[in-house]
Amino acid sequence: MPLLVIHPKDNVGVALSNIEKGTHVQGIDIREDVKFAYKIALMDIRAGEEIIKYGEPIGVASVDIKQGEMVHVHNIESVRGRGDQNV
Amino acid sequence: MFKFKGYLRQDGTIGIRNFVVAVPASVCASPLVSKLANQVEGIVGMTHKNGCCQIGHDFERTNRALTRLCTHPNVGGVVFVALGCEGTPSEQIVEAIRTSGRPVRFIDIQKEGGSIAALVKAKAAAEALRKVVEEVTETREAEVEDLVVGLECGGSDATSGLASNPSIGWVTDELVKHGAKVILSETTELIGAEHVITKNVRDAEVKRKILEAVTRVEKDCMAQGVDIRGSQPTPGNIEGGLSTIEEKSMGCAYKSGSSPFIDYLDYGEAVRKPGLSFMDTPGQDVESMTGMAAGGATVFLFSTGRGSPVGFPIVPTIKITGNEKTFLRMRDDIDIDASGVFRGEAIHEIGEKIYELIERVCQGTVTKSEANDYHEVSIYKNALTL
(Lines give C-alpha, C1' and ligand atoms only; values in the text may rest on other atoms or scores of the structure.)
Protein backbone atom coordinates (compact mmCIF):
# COMPACT_ATOMS: atom_id res chain seq x y z
CA MET A 1 0.00 0.00 0.00
CA PRO A 2 1.99 2.98 -1.26
CA LEU A 3 -0.29 5.57 0.40
CA LEU A 4 -0.76 5.54 4.17
CA VAL A 5 -3.96 6.94 5.65
CA ILE A 6 -3.20 7.25 9.35
CA HIS A 7 -6.69 8.04 10.63
CA PRO A 8 -10.14 7.67 9.03
CA LYS A 9 -10.76 11.43 9.42
CA ASP A 10 -7.61 12.34 7.42
CA ASN A 11 -7.93 14.19 4.11
CA VAL A 12 -4.24 13.68 3.32
CA GLY A 13 -2.31 10.45 2.96
CA VAL A 14 1.43 9.87 3.31
CA ALA A 15 3.45 8.53 0.36
CA LEU A 16 5.33 5.43 1.53
CA SER A 17 7.71 5.67 -1.41
CA ASN A 18 8.44 8.19 -4.16
CA ILE A 19 5.31 8.18 -6.34
CA GLU A 20 5.41 9.27 -9.97
CA LYS A 21 2.91 11.64 -11.56
CA GLY A 22 0.19 9.71 -13.33
CA THR A 23 0.30 6.65 -11.03
CA HIS A 24 -3.11 5.39 -9.94
CA VAL A 25 -2.99 4.61 -6.24
CA GLN A 26 -5.85 3.36 -4.04
CA GLY A 27 -8.46 4.97 -6.30
CA ILE A 28 -6.56 8.26 -6.70
CA ASP A 29 -4.79 9.66 -9.76
CA ILE A 30 -1.53 11.19 -8.52
CA ARG A 31 -1.22 14.58 -10.24
CA GLU A 32 2.48 15.25 -9.66
CA ASP A 33 5.68 13.54 -8.51
CA VAL A 34 5.53 13.11 -4.73
CA LYS A 35 8.51 12.29 -2.54
CA PHE A 36 8.59 9.58 0.13
CA ALA A 37 6.81 10.67 3.35
CA TYR A 38 5.24 13.73 1.71
CA LYS A 39 1.47 14.27 1.77
CA ILE A 40 -1.11 13.74 -0.99
CA ALA A 41 -4.68 15.10 -0.97
CA LEU A 42 -7.15 12.22 -0.69
CA MET A 43 -10.01 14.43 -1.94
CA ASP A 44 -10.54 17.96 -3.27
CA ILE A 45 -9.86 20.49 -0.50
CA ARG A 46 -11.10 24.09 -0.72
CA ALA A 47 -9.00 27.11 0.24
CA GLY A 48 -9.52 27.79 3.97
CA GLU A 49 -10.52 24.19 4.73
CA GLU A 50 -8.64 22.32 7.47
CA ILE A 51 -6.00 19.79 6.48
CA ILE A 52 -6.46 16.73 8.70
CA LYS A 53 -3.63 14.29 9.49
CA TYR A 54 -3.42 11.94 12.50
CA GLY A 55 -7.16 12.72 12.88
CA GLU A 56 -6.34 16.33 13.87
CA PRO A 57 -6.08 19.67 12.03
CA ILE A 58 -2.49 20.45 11.01
CA GLY A 59 -3.25 23.71 9.18
CA VAL A 60 -5.53 25.07 6.47
CA ALA A 61 -5.36 24.98 2.69
CA SER A 62 -4.07 28.31 1.41
CA VAL A 63 -5.45 27.65 -2.09
CA ASP A 64 -7.89 25.12 -3.61
CA ILE A 65 -6.25 21.69 -3.73
CA LYS A 66 -7.29 18.89 -6.06
CA GLN A 67 -7.40 15.22 -5.10
CA GLY A 68 -4.04 13.64 -5.94
CA GLU A 69 -2.01 16.85 -5.57
CA MET A 70 0.91 17.14 -3.16
CA VAL A 71 0.11 19.03 0.03
CA HIS A 72 3.06 20.96 1.46
CA VAL A 73 4.25 24.46 2.30
CA HIS A 74 3.10 25.89 -1.05
CA ASN A 75 -0.58 25.16 -0.37
CA ILE A 76 -0.94 24.66 3.40
CA GLU A 77 -0.73 27.37 6.03
CA SER A 78 -0.16 27.03 9.73
CA VAL A 79 -2.86 28.43 11.98
CA ARG A 80 -0.58 28.59 15.03
CA GLY A 81 2.43 30.86 15.62
CA ARG A 82 1.37 33.35 12.93
CA GLY A 83 3.12 36.47 14.19
CA ASP A 84 3.01 37.75 10.61
CA GLN A 85 -0.76 38.11 11.00
CA ASN A 86 -0.49 40.59 13.90
CA VAL A 87 -2.06 43.86 12.84
CA MET B 1 13.11 -5.84 33.50
CA PHE B 2 16.89 -5.67 33.53
CA LYS B 3 19.61 -5.12 36.07
CA PHE B 4 22.91 -3.30 35.82
CA LYS B 5 25.75 -2.07 38.01
CA GLY B 6 24.82 1.49 38.93
CA TYR B 7 26.97 4.23 40.48
CA LEU B 8 25.39 5.10 43.80
CA ARG B 9 25.38 8.77 44.76
CA GLN B 10 24.93 10.18 48.23
CA ASP B 11 21.39 11.40 47.47
CA GLY B 12 20.36 7.91 46.41
CA THR B 13 20.33 8.60 42.67
CA ILE B 14 21.95 6.08 40.34
CA GLY B 15 24.35 6.92 37.53
CA ILE B 16 25.01 4.71 34.54
CA ARG B 17 28.40 6.35 34.02
CA ASN B 18 31.02 7.76 36.38
CA PHE B 19 32.30 10.78 34.46
CA VAL B 20 34.95 13.15 35.74
CA VAL B 21 33.97 16.50 34.30
CA ALA B 22 35.49 19.93 33.84
CA VAL B 23 32.97 22.75 34.01
CA PRO B 24 33.54 26.50 33.51
CA ALA B 25 31.80 29.03 35.72
CA SER B 26 31.46 31.31 32.71
CA VAL B 27 32.19 31.71 29.01
CA CYS B 28 35.57 33.25 29.87
CA ALA B 29 36.73 30.04 31.55
CA SER B 30 35.37 27.84 28.74
CA PRO B 31 38.52 27.81 26.60
CA LEU B 32 40.53 26.47 29.53
CA VAL B 33 37.98 23.71 30.11
CA SER B 34 38.16 22.86 26.42
CA LYS B 35 41.95 22.56 26.57
CA LEU B 36 41.76 20.52 29.77
CA ALA B 37 39.30 18.03 28.28
CA ASN B 38 41.40 17.67 25.14
CA GLN B 39 44.69 17.23 26.94
CA VAL B 40 43.80 15.01 29.87
CA GLU B 41 42.58 11.48 29.29
CA GLY B 42 39.25 10.69 30.93
CA ILE B 43 38.09 14.24 31.52
CA VAL B 44 34.78 15.30 29.95
CA GLY B 45 34.43 19.01 29.25
CA MET B 46 31.11 20.84 29.50
CA THR B 47 31.80 24.22 27.96
CA HIS B 48 29.06 26.82 27.65
CA LYS B 49 28.62 30.54 26.96
CA ASN B 50 26.66 31.65 30.02
CA GLY B 51 27.75 32.80 33.47
CA CYS B 52 28.38 36.52 33.16
CA CYS B 53 26.28 39.68 32.89
CA GLN B 54 23.05 37.74 33.31
CA ILE B 55 20.14 38.94 35.40
CA GLY B 56 17.04 37.81 37.30
CA HIS B 57 15.40 34.43 36.53
CA ASP B 58 17.88 33.95 33.72
CA PHE B 59 20.81 34.25 36.16
CA GLU B 60 19.15 31.84 38.62
CA ARG B 61 18.39 29.34 35.89
CA THR B 62 22.00 29.27 34.72
CA ASN B 63 23.30 28.79 38.26
CA ARG B 64 20.83 26.01 38.92
CA ALA B 65 21.76 24.29 35.67
CA LEU B 66 25.49 24.50 36.43
CA THR B 67 25.00 23.19 39.96
CA ARG B 68 22.79 20.34 38.85
CA LEU B 69 25.05 19.34 35.96
CA CYS B 70 28.00 19.22 38.38
CA THR B 71 26.01 17.02 40.79
CA HIS B 72 24.45 14.86 38.07
CA PRO B 73 23.96 11.11 38.73
CA ASN B 74 26.41 10.24 35.90
CA VAL B 75 29.12 12.53 37.36
CA GLY B 76 31.64 11.22 39.88
CA GLY B 77 33.92 14.26 40.25
CA VAL B 78 34.37 17.84 39.04
CA VAL B 79 37.10 20.31 38.17
CA PHE B 80 35.30 23.65 38.38
CA VAL B 81 37.07 26.49 36.60
CA ALA B 82 36.31 30.16 37.07
CA LEU B 83 37.91 33.22 35.55
CA GLY B 84 37.45 34.80 38.98
CA CYS B 85 35.40 37.91 38.33
CA GLU B 86 32.25 36.50 36.76
CA GLY B 87 28.68 36.61 38.11
CA THR B 88 28.39 32.85 38.73
CA PRO B 89 28.58 32.13 42.50
CA SER B 90 31.49 29.70 42.15
CA GLU B 91 32.13 29.18 45.87
CA GLN B 92 28.50 28.22 46.39
CA ILE B 93 28.56 25.77 43.51
CA VAL B 94 31.83 24.18 44.63
CA GLU B 95 30.38 23.80 48.13
CA ALA B 96 27.24 22.17 46.69
CA ILE B 97 29.44 19.70 44.80
CA ARG B 98 31.40 18.92 47.95
CA THR B 99 28.19 18.47 49.99
CA SER B 100 26.91 16.04 47.37
CA GLY B 101 29.78 13.72 48.26
CA ARG B 102 31.71 14.27 45.02
CA PRO B 103 35.44 15.06 44.94
CA VAL B 104 35.93 18.56 43.51
CA ARG B 105 38.84 20.81 42.59
CA PHE B 106 38.46 24.54 42.02
CA ILE B 107 40.67 26.62 39.71
CA ASP B 108 40.50 30.42 39.62
CA ILE B 109 42.34 31.57 36.48
CA GLN B 110 43.03 35.08 37.72
CA LYS B 111 44.32 33.86 41.12
CA GLU B 112 46.55 31.27 39.44
CA GLY B 113 48.20 34.00 37.42
CA GLY B 114 46.60 33.56 34.03
CA SER B 115 45.44 30.93 31.59
CA ILE B 116 48.76 29.14 31.11
CA ALA B 117 49.55 28.73 34.80
CA ALA B 118 45.94 27.81 35.50
CA LEU B 119 45.99 25.10 32.84
CA VAL B 120 49.08 23.51 34.38
CA LYS B 121 47.36 23.49 37.79
CA ALA B 122 44.09 22.22 36.30
CA LYS B 123 45.79 19.32 34.52
CA ALA B 124 47.49 18.15 37.71
CA ALA B 125 44.25 18.54 39.65
CA ALA B 126 42.28 16.62 37.00
CA GLU B 127 44.68 13.69 36.95
CA ALA B 128 44.69 13.44 40.74
CA LEU B 129 40.92 13.78 40.84
CA ARG B 130 40.40 10.92 38.39
CA LYS B 131 42.20 8.52 40.71
CA VAL B 132 40.25 9.69 43.76
CA VAL B 133 36.91 9.35 41.97
CA GLU B 134 37.67 5.77 41.03
CA GLU B 135 38.51 4.92 44.63
CA VAL B 136 35.59 6.57 46.37
CA THR B 137 32.69 5.89 44.02
CA GLU B 138 30.22 3.33 45.35
CA THR B 139 28.12 1.02 43.26
CA ARG B 140 24.99 -1.04 43.76
CA GLU B 141 22.90 -3.34 41.65
CA ALA B 142 20.31 -1.20 39.91
CA GLU B 143 17.15 -1.75 37.88
CA VAL B 144 14.99 -0.03 35.29
CA GLU B 145 13.18 1.93 38.00
CA ASP B 146 16.47 3.67 38.82
CA LEU B 147 16.65 5.19 35.35
CA VAL B 148 15.69 8.71 34.32
CA VAL B 149 15.10 8.66 30.56
CA GLY B 150 14.93 11.89 28.58
CA LEU B 151 13.04 11.93 25.25
CA GLU B 152 14.27 14.16 22.46
CA CYS B 153 13.36 14.95 18.83
CA GLY B 154 15.90 16.61 16.57
CA GLY B 155 16.11 17.03 12.83
CA SER B 156 12.63 15.59 12.45
CA ASP B 157 11.14 14.67 9.14
CA ALA B 158 7.82 13.09 8.22
CA THR B 159 9.10 9.63 9.21
CA SER B 160 9.57 10.76 12.81
CA GLY B 161 5.85 10.75 13.60
CA LEU B 162 5.32 7.45 11.81
CA ALA B 163 8.26 5.29 12.89
CA SER B 164 10.86 6.56 15.38
CA ASN B 165 8.53 8.46 17.72
CA PRO B 166 5.87 5.72 18.05
CA SER B 167 8.68 3.20 18.72
CA ILE B 168 9.99 5.47 21.46
CA GLY B 169 6.41 5.79 22.74
CA TRP B 170 6.26 2.02 23.16
CA VAL B 171 9.48 2.19 25.21
CA THR B 172 8.07 5.07 27.29
CA ASP B 173 5.11 2.92 28.25
CA GLU B 174 7.41 0.02 29.22
CA LEU B 175 9.66 2.27 31.28
CA VAL B 176 6.71 3.84 33.09
CA LYS B 177 5.25 0.38 33.73
CA HIS B 178 8.50 -0.61 35.47
CA GLY B 179 8.58 2.50 37.66
CA ALA B 180 11.23 4.56 35.79
CA LYS B 181 11.18 8.34 35.48
CA VAL B 182 10.75 9.66 31.94
CA ILE B 183 10.95 13.28 30.78
CA LEU B 184 9.42 14.79 27.65
CA SER B 185 10.33 18.40 26.84
CA GLU B 186 10.41 20.87 23.90
CA THR B 187 7.39 23.08 24.61
CA THR B 188 7.39 24.53 21.08
CA GLU B 189 6.71 21.07 19.74
CA LEU B 190 3.44 20.86 21.65
CA ILE B 191 1.97 23.75 19.65
CA GLY B 192 -0.91 22.24 17.73
CA ALA B 193 -0.90 18.99 19.72
CA GLU B 194 -1.21 20.24 23.28
CA HIS B 195 -4.83 19.28 23.78
CA VAL B 196 -4.32 15.82 22.34
CA ILE B 197 -1.19 15.09 24.38
CA THR B 198 -2.72 16.35 27.67
CA LYS B 199 -6.09 14.67 27.15
CA ASN B 200 -5.33 11.90 29.69
CA VAL B 201 -3.60 14.07 32.32
CA ARG B 202 -5.38 13.49 35.63
CA ASP B 203 -3.77 16.28 37.67
CA ALA B 204 -5.51 19.55 36.76
CA GLU B 205 -2.57 21.64 37.99
CA VAL B 206 -0.09 19.75 35.81
CA LYS B 207 -2.35 20.14 32.79
CA ARG B 208 -2.79 23.86 33.46
CA LYS B 209 0.97 24.45 33.72
CA ILE B 210 1.68 22.57 30.49
CA LEU B 211 -0.97 24.48 28.53
CA GLU B 212 0.22 27.78 30.02
CA ALA B 213 3.79 27.01 28.94
CA VAL B 214 2.60 26.37 25.37
CA THR B 215 0.56 29.59 25.36
CA ARG B 216 3.55 31.53 26.65
CA VAL B 217 5.93 30.16 23.99
CA GLU B 218 3.46 30.87 21.21
CA LYS B 219 2.87 34.41 22.51
CA ASP B 220 6.61 35.11 22.73
CA CYS B 221 6.98 33.76 19.20
CA MET B 222 4.14 35.91 17.86
CA ALA B 223 5.74 38.99 19.42
CA GLN B 224 8.53 38.55 16.85
CA GLY B 225 6.01 39.53 14.17
CA VAL B 226 6.80 36.69 11.76
CA ASP B 227 5.36 33.34 10.74
CA ILE B 228 6.85 30.63 12.97
CA ARG B 229 7.43 28.47 9.90
CA GLY B 230 11.10 28.40 8.83
CA SER B 231 12.21 28.56 12.43
CA GLN B 232 9.79 25.85 13.50
CA PRO B 233 9.47 23.66 11.50
CA THR B 234 13.08 24.17 10.42
CA PRO B 235 14.13 24.19 6.76
CA GLY B 236 15.33 20.61 7.25
CA ASN B 237 12.00 19.52 8.75
CA ILE B 238 10.26 21.10 5.73
CA GLU B 239 12.57 19.42 3.23
CA GLY B 240 11.76 16.19 5.09
CA GLY B 241 8.03 16.60 4.45
CA LEU B 242 6.74 18.44 7.54
CA SER B 243 4.64 21.44 6.50
CA THR B 244 3.48 23.11 9.73
CA ILE B 245 4.32 23.24 13.44
CA GLU B 246 0.97 21.56 14.12
CA GLU B 247 1.96 18.60 11.96
CA LYS B 248 5.40 18.40 13.55
CA SER B 249 3.94 18.56 17.07
CA MET B 250 1.40 15.82 16.37
CA GLY B 251 4.27 13.59 15.25
CA CYS B 252 6.43 14.52 18.25
CA ALA B 253 3.60 13.67 20.65
CA TYR B 254 3.94 9.96 19.85
CA LYS B 255 7.08 9.81 22.00
CA SER B 256 4.89 9.93 25.11
CA GLY B 257 3.15 6.66 24.17
CA SER B 258 -0.07 6.27 26.13
CA SER B 259 1.44 7.55 29.39
CA PRO B 260 -0.18 10.62 30.96
CA PHE B 261 1.96 13.46 32.29
CA ILE B 262 2.12 13.20 36.10
CA ASP B 263 4.31 16.23 36.79
CA TYR B 264 5.45 19.57 35.35
CA LEU B 265 9.07 20.75 35.63
CA ASP B 266 10.63 24.14 34.96
CA TYR B 267 13.79 24.20 32.86
CA GLY B 268 16.50 22.25 34.70
CA GLU B 269 14.30 21.44 37.69
CA ALA B 270 15.00 18.11 39.40
CA VAL B 271 12.67 15.30 38.32
CA ARG B 272 10.53 14.16 41.22
CA LYS B 273 8.19 11.30 40.44
CA PRO B 274 8.18 7.96 38.65
CA GLY B 275 6.17 8.16 35.44
CA LEU B 276 6.18 10.70 32.60
CA SER B 277 7.00 14.33 33.45
CA PHE B 278 6.89 17.34 31.15
CA MET B 279 9.76 19.84 31.27
CA ASP B 280 9.43 23.33 29.78
CA THR B 281 12.33 23.74 27.34
CA PRO B 282 12.83 25.20 23.86
CA GLY B 283 12.52 22.85 20.91
CA GLN B 284 16.17 23.44 20.09
CA ASP B 285 17.96 20.13 20.68
CA VAL B 286 21.01 21.17 22.66
CA GLU B 287 19.12 23.53 24.96
CA SER B 288 16.44 20.91 25.62
CA MET B 289 18.99 18.15 26.32
CA THR B 290 20.85 20.50 28.67
CA GLY B 291 17.61 21.20 30.56
CA MET B 292 16.67 17.54 30.89
CA ALA B 293 20.23 16.62 31.93
CA ALA B 294 20.07 19.30 34.63
CA GLY B 295 16.75 17.71 35.61
CA GLY B 296 18.55 14.42 36.19
CA ALA B 297 18.11 12.46 32.95
CA THR B 298 20.71 9.67 32.83
CA VAL B 299 20.05 8.42 29.29
CA PHE B 300 18.48 10.06 26.20
CA LEU B 301 16.33 8.52 23.46
CA PHE B 302 16.84 10.89 20.52
CA SER B 303 14.59 10.56 17.48
CA THR B 304 16.04 12.05 14.27
CA GLY B 305 14.66 11.82 10.74
CA ARG B 306 17.21 14.04 9.00
CA GLY B 307 20.17 12.81 11.06
CA SER B 308 21.49 14.70 14.06
CA PRO B 309 24.82 13.45 15.44
CA VAL B 310 24.74 15.59 18.59
CA GLY B 311 24.63 13.93 21.99
CA PHE B 312 25.13 15.27 25.51
CA PRO B 313 28.50 14.93 27.24
CA ILE B 314 27.30 13.36 30.48
CA VAL B 315 24.17 11.58 29.24
CA PRO B 316 24.56 8.62 26.84
CA THR B 317 22.35 9.49 23.87
CA ILE B 318 20.71 6.75 21.77
CA LYS B 319 19.97 7.98 18.23
CA ILE B 320 16.97 6.50 16.45
CA THR B 321 15.85 7.23 12.90
CA GLY B 322 12.76 6.14 10.95
CA ASN B 323 14.36 7.19 7.67
CA GLU B 324 16.24 4.34 5.97
CA LYS B 325 18.29 6.71 3.78
CA THR B 326 19.41 8.65 6.83
CA PHE B 327 20.42 5.46 8.62
CA LEU B 328 22.49 4.26 5.68
CA ARG B 329 24.06 7.65 5.03
CA MET B 330 24.84 8.41 8.68
CA ARG B 331 25.52 4.94 10.09
CA ASP B 332 28.41 6.27 12.14
CA ASP B 333 26.07 8.54 14.09
CA ILE B 334 22.83 6.56 14.43
CA ASP B 335 22.25 3.66 16.81
CA ILE B 336 18.82 2.30 15.81
CA ASP B 337 17.09 1.98 12.44
CA ALA B 338 13.32 2.26 12.93
CA SER B 339 12.51 2.40 9.20
CA GLY B 340 11.38 -1.24 9.29
CA VAL B 341 7.97 0.18 10.20
CA PHE B 342 7.57 1.07 6.50
CA ARG B 343 8.37 -2.53 5.54
CA GLY B 344 5.86 -4.16 7.88
CA GLU B 345 7.89 -4.38 11.11
CA ALA B 346 5.70 -3.83 14.16
CA ILE B 347 6.24 -0.81 16.40
CA HIS B 348 6.82 -3.03 19.42
CA GLU B 349 9.57 -4.95 17.58
CA ILE B 350 11.51 -1.71 17.09
CA GLY B 351 10.61 -0.67 20.64
CA GLU B 352 12.09 -3.91 21.96
CA LYS B 353 15.36 -3.23 20.07
CA ILE B 354 15.55 0.22 21.68
CA TYR B 355 14.78 -1.20 25.13
CA GLU B 356 17.42 -3.85 24.72
CA LEU B 357 19.99 -1.21 23.71
CA ILE B 358 19.13 0.84 26.81
CA GLU B 359 19.98 -2.23 28.86
CA ARG B 360 23.35 -2.66 27.10
CA VAL B 361 24.13 1.05 27.43
CA CYS B 362 23.45 0.80 31.17
CA GLN B 363 25.84 -2.15 31.28
CA GLY B 364 28.60 -0.16 29.58
CA THR B 365 28.06 -0.23 25.79
CA VAL B 366 28.76 3.22 24.38
CA THR B 367 26.40 4.92 21.96
CA LYS B 368 27.60 6.28 18.60
CA SER B 369 27.68 9.89 19.85
CA GLU B 370 29.60 8.77 22.95
CA ALA B 371 32.13 6.92 20.80
CA ASN B 372 32.40 9.93 18.47
CA ASP B 373 32.69 12.35 21.38
CA TYR B 374 30.19 14.51 19.47
CA HIS B 375 28.60 16.55 22.24
CA GLU B 376 27.44 20.05 23.05
CA VAL B 377 26.02 21.96 25.99
CA SER B 378 23.81 25.04 25.86
CA ILE B 379 21.97 26.45 28.83
CA TYR B 380 18.75 28.15 27.73
CA LYS B 381 19.05 31.89 28.12
CA ASN B 382 16.13 34.22 27.42
CA ALA B 383 16.88 37.50 29.11
CA LEU B 384 19.21 40.20 27.86
CA THR B 385 22.94 39.93 28.41
CA LEU B 386 23.92 43.16 30.10
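Q: Why does Arg82(A) count as buried?
A: Buried means under 20% relative accessible area, exposed over 50% and partly exposed in between, with a 1.4 Å probe and protein chains only. Arg82(A) has 8% relative accessibility, so Arg82(A) counts as buried. This is a predicted model, in which local features need pLDDT of at least 70 and side-chain atom pairs count only at pLDDT 80 or more, while totals for chains, interfaces and linings use all residues. Side-chain values use heavy atoms, with hydrogens and water left out, residues are numbered from 1 along each chain as its sequence is written, and chains are lettered from A and ligands numbered from 1 in the order in which they are written.

Q: What makes the contact between Arg82(A) and Asp227(B) a salt bridge?
A: A salt bridge is a side-chain nitrogen of Lys or Arg within 4 Å of a carboxyl oxygen of Asp or Glu, and the side chains of Arg82(A) and Asp227(B) meet at 3.5 Å, N to O. Arg82(A) lies in the segment after β9 of chain A and Asp227(B) in the loop between α8 and α9 (235-239) of chain B, so the pair joins two chains.

Q: How do you know that the salt bridge of Glu218(B) and Arg80(A) joins two chains?
A: The side chains of these residues, Glu218(B) and Arg80(A), meet at 2.6 Å, N to O. Glu218(B) lies in helix α8 (residues 204-222) of chain B, whereas Arg80(A) lies in the segment after β9 (76-77) of chain A, so the pair joins two chains. Both Glu218(B) and Arg80(A) are buried.

Q: Why is Glu356(B) called partly exposed?
A: Glu356(B) has 40% relative accessibility and therefore counts as partly exposed. Arg360(B), with a relative accessible area of 35%, is partly exposed. Glu356(B) forms a salt bridge with Arg360(B), with the closest N and O atoms 3.5 Å apart.

Q: How do you know that the length of helix α6 of chain B agrees with its number of residues?
A: Helices (H or I, at least four residues) and strands (E, at least two) are DSSP runs, numbered from the N terminus, and the expected span of a helix is 1.5 Å times one less than its number of residues. The 18 residues of α6 (residues 160-177) of chain B should therefore span 26 Å, and the end C-alpha atoms are 24 Å apart, which agrees.

Q: Why is α6(B) described as largely enclosed by the rest of the structure?
A: Of the 18 residues of α6(B), 14 are buried, so this helix is largely enclosed by the rest of the structure.
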